[in-house]
Amino acid sequence: MQFRRRIVLSTVAVTAVALGVAFFAISKEFTELQESRLDAELVDVAKVEAKEAPLFGFSFNEGPGPPTNDVGPLTKHGVIYGDDDAPMSATAPFDKLPPSRATFSHPNERCFDFEHGGHHYRGVLVGIPGHPKKTVLLAALREDLDADERFLRDAMAFAFVVALAWAGVIASFVVRRFTREHQRIAEVANRVTKGDLSARVAARSGDPDVLNLARDVDEMIDTISALMTSQRRFLAHAAHELRSPITKI
């Protein structure tokens with residue numbers, strides 16, 4: 001039983017490690033792919049806004065942004081910073097309390113995450129052509145992206161638990177099937193040690209090694225039984241031979 005338990009536990013442990021590594025790699029690749037798509041759209045929209053900002057008095061235009069891919073249409077959340085890093089214009093919700101330009105030390109056109117007003121954003125800074133001291137901050141909520149990541153994580157956690165349970169069941173079945181004859185041999189050996197010389201394995205396994213082992217164990221029991229019978233016969237004969245002279249005396 002201990003041998004079977006160790007094999008099953010080892011199988012489950014190996015399965016857990018393999019699934020954990022695979023799921024981590026899949027989750028990381030999915031997150032990076034989603035972020036790269038969002039980043040590409042943010043940079044494209046931010047460049048258009050930076051290019052058009054002087055035409056609209058350094059404010060955001062009200063028209064829609066350029067077509068986007070399967071990430072979805074981007075809602076404009078942005079701030080245009082002037083020469084002194086003071087906000088010149090902003091869209092909701094940054095128009096009420098614009099984030100300070102000093103809080104962003106990231107290089108231009110390099111996307112980053114930040115918190116504002118209790119929300120999680122993905123943003124990018126882009127310089128305005130012809131106005132080196134003016135900058136556009138364009139951001140998009142990460143809520144959809146974060147929700148996708150949570151859904152994938154939860155789905156993988158469920159699949160991980162189910163896969164481990166299934167691996168345990170399969171391993172237990174396979175180990176029990178392949179060690180059934182070994183268990184019978186152990187049980188017969190235990191009966192023999194307790195004095196039951198009538199026990200025999202009589203294995204029917206398809207494994208030649210198991211059959212040879214079972215045959216050897218049965219032959220060993222036959223030999224022990226024969227030796228015990230000879231011993232009893234010898235003792236009985238010796239007792240009879242000793243009993244006759246003693247009776248005469």
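**Aromatic pairs, nonpolar cores and strand pairing**

The count comes to seven aromatic pairs, where rings of Phe, Tyr and Trp (its six-membered ring) pair if their centres lie within 6.5 Å. The rings of Phe104 and Phe112 have centres 5.4 Å apart and planes at 40°, so this pair is tilted; planes under 30 degrees apart count as stacked, over 60 as edge-to-face and the rest as tilted. The model is predicted: local features need pLDDT of at least 70 and side-chain atom pairs pLDDT 80 or more, whereas totals for chains, interfaces and linings use all residues. Residues are numbered from 1 along each chain as its sequence is written, and side-chain values use heavy atoms, with hydrogens and water left out.

**Aromatic residues**

- Phe114 and Tyr121 form a stacked pair, 5.4 Å centre to centre with 15° between the planes, and both residues are buried.
- One aromatic cluster is formed by Phe94, Phe104, Phe112, Phe114 and Tyr121.
- The charged end of Lys134 sits over the ring of Phe58, 5.1 Å from its centre; this term requires NZ of Lys or CZ of Arg within 6 Å of the ring centre and within 35 degrees of the ring normal.

**Nonpolar cores**

- A nonpolar core is a set of buried Ala, Val, Leu, Ile, Met, Phe, Trp, Tyr and Cys residues joined through side-chain atoms within 4.5 Å.
- In the largest such core, of 18 residues, Leu42, Ile80, Val124, Ile128, Val136 and Leu138 touch the most other members.
- The elements giving two or more residues to this core are α1 (2–52), β4 (119–128) and β5 (131–141); helices (H or I, at least four residues) and strands (E, at least two) are DSSP runs numbered from the N terminus.
- The largest share of this core, six residues, comes from α1.
- Apart from this core lies another, of 10 residues, among them Phe112, Tyr121, Leu137 and Ala139.

**Strands**

- Strand β4 is mostly covered, with seven of its 10 residues buried.
- Five bridges join β3 (residues 112–116) to β4 in an antiparallel arrangement; two strands pair if DSSP finds at least two bridges between them.
- Asp113 has Arg122 in β4 as its bridge partner.
- The hairpin of β3 and β4 has two residues between the strands, and Gly117 in the turn has a positive phi of about 60°.
- β4 and β5 run antiparallel and are joined by eight bridges; the bridge partner of Gly127 in β5 is Thr135.
- In the hairpin of β4 and β5, also with two residues between the strands, Gly130 takes a positive phi near 80°.

Terms used: Buried means under 20% relative accessible area, exposed over 50%, partly exposed in between (1.4 Å probe, protein chains only).
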